[in-house]
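Subject: Structure handover

Hi,

Here is the structure I promised to pass on. My notes come after it.

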Amino acid sequence: MSLIRVVHRHIFYEIGRTFVLSLSCLLGIILLGRMLQLREALMGQAVSLWDIAQLFFYLCPFFLMLVMPIAVMLAVFLTFLRMSTENELVALKASGLSLYQLLPTPLFFSVLAAVCTLFISYYGLSWGMEQFRDKMFQLVNTRTEMTIQAGVFNQQIPGITFYANQVKNGQQGEMRFVFVQDKRQKGITYNIVADLGKLAIDKEEDELFIGFENGHIYRRDKDKLNIMQFASYAIHLPLTNLFGNFHINKDKPSDMSVAKLLALRDHPDKYPNLDIPPEKIRMELTKRRAMPAACFVLGLFAMPIACIFRGMRQQYGLILALGIFMLYYSFFSVAASIGKTGLISPELGMWGTNILFLLIALHAMHLAANERRLYVVNWTSSFLAWIRSSKKA
């Protein structure tokens, strides 16, 4: 086996191992943060560890699209930083291999990550959010089952006290002799007494439906009491009330598939119920394509930067890589914000960031291949050396 094949295999293994570690850590941190957000929504429900694992799995595509670029960048950067610090690159150059000959492996890995991210962007994200939404509805059904236990006053629905004297066997959600106290409006209390009641979840409207038949409403507003009789009456509660204000909206552009976004862009008249501004659709479509491309750009960007900053310790290299990504993401976010105002097109703003970093990467590759450094690196090194000499003095 030739030397170049051995080297490429070694580099690919190192990048892959660091990528898996970086991706796992980043994804774990984000999912733990989301777990805290879901805590209120899941509290008080019979939620098993398997249910939580499923929720996390369904959220993974959304977060993978965000963390894949930085994981690729960290993997390539830390791999080549270690190789340059331990003089492996010097040994390879002494064997006749140039930096350009080492480029195919990180380039191939970056393209592979970009393709995976593109697949997640087009198909995985919408699938995951739909499955997540269905799972949350299933958990809400569990909560409503607990709510309609016969002979028990229940306050699991915020602002609502619910009581049913009887629950008909075999017909989930149907009750007899129902009492409900509604205190959702400040200073006003509704007491509802009815012969029949029914609980149901409307997934299309994202709400909980509580229907009553043959009853009375006692409305108390300070010292006033109004009594109304009804044949049928209904309360509609947004499901976010049951999710602890954790919003799940099937009509958010960020949760839609690319196919639906394209249909909304090209044929908005077919979706009269969706009032989504065209610029939001354009921005989301651009983001779904620009983020996968960021894997390629940042992977290519990381290699020469690691060679230029040779000799830096791994922990400082990690901080530097995170700082560079934050700089990239700041440019990306600012460009997206400007795109919302209409001053520039979303395509120009988001793709402009990728093009800018790609040009910097090509220039840095040229400098690194010729054993030269960026001016800012030389200035930083001189400044740090001056600080060290001042402390010794």
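Ground rules first. This is a predicted model: local features need pLDDT of at least 70, side-chain atom pairs count only at pLDDT 80 or more, and totals for chains, interfaces and linings use all residues. Residues are numbered from 1 along each chain as its sequence is written, and side-chain values use heavy atoms, with hydrogens and water left out.

Core

The largest nonpolar core has 74 residues. Such a core is a set of buried Ala, Val, Leu, Ile, Met, Phe, Trp, Tyr and Cys residues joined through side-chain atoms within 4.5 Å. Buried means under 20% relative accessible area; exposed is over 50%, and partly exposed lies in between (1.4 Å probe, protein chains only). Phe19, Phe77, Phe80, Leu102 and Met303 have the most contacts inside the core. At least two core residues come from each of helix 1 (3–42), helix 2 (49–85), helix 3 (88–94), helix 4 (99–102), helix 5 (104–147), helix 7 (278–308), helix 8 and helix 9. Helix 2 gives the most, with 23 residues. Helices are DSSP runs (H or I, at least four residues), numbered from the N terminus.

Salt bridges

How many salt bridges does a search of the whole structure find? Six. The criterion is a side-chain nitrogen of Lys or Arg within 4 Å of a carboxyl oxygen of Asp or Glu.

- Glutamate 14 and arginine 17: the closest N and O atoms are 3.0 Å apart. Both residues lie in helix 1, three residues apart, about one turn of the helix. Glutamate 14 is buried, at 9% relative accessible area. Arginine 17 is partly exposed, at 45%.
- Arginine 82 and glutamate 86: the closest N and O atoms are 2.9 Å apart. Arginine 82 counts as buried because its relative accessibility is 18%. Glutamate 86 reaches 47%, so it counts as partly exposed.
- Arginine 288 and glutamate 284: the N to O distance is 2.8 Å. They are four residues apart in helix 7, so about one helical turn separates them. Arginine 288 is buried, at 0% relative accessible area. Glutamate 284 is buried too, at 10%.

Salt bridges that share partners also join Glu14, Arg17, Arg82, Glu86 and Glu88 into one network.

Helix 9

Helix 9 (346–369) has 24 residues. At 1.5 Å a residue they should span 34 Å, and the end C-alpha atoms are 35 Å apart, so the two values agree. The expected span is 1.5 Å times one less than the number of residues. Where does helix 9 bend? At glycine 352, by about 30°. The bend is the angle between axes fitted to the seven residues ending there and the seven starting there. Buried residues of helix 9 include Pro346, Gly349, Met350, Phe357 and Leu367. After helix 9 comes glutamate 371, with a positive phi near 60°.

Surface patch

Leu327, Phe331, Leu356 and Ile360 make a nonpolar surface patch of about 330 Å². Areas come from the Shrake-Rupley method with a 1.4 Å probe; for residues, only the protein chains shown count as cover. Patch residues have over 30% relative accessible area and no salt bridge; like charges are joined within 9 Å, nonpolar side chains (Val, Leu, Ile, Met, Phe, Trp, Tyr) within 5 Å. Helix 8 (314–341) and helix 9 each supply at least two residues of the patch. Isoleucine 360 sits in helix 9. Its relative accessibility is 36%, so isoleucine 360 counts as partly exposed.

Best wishes
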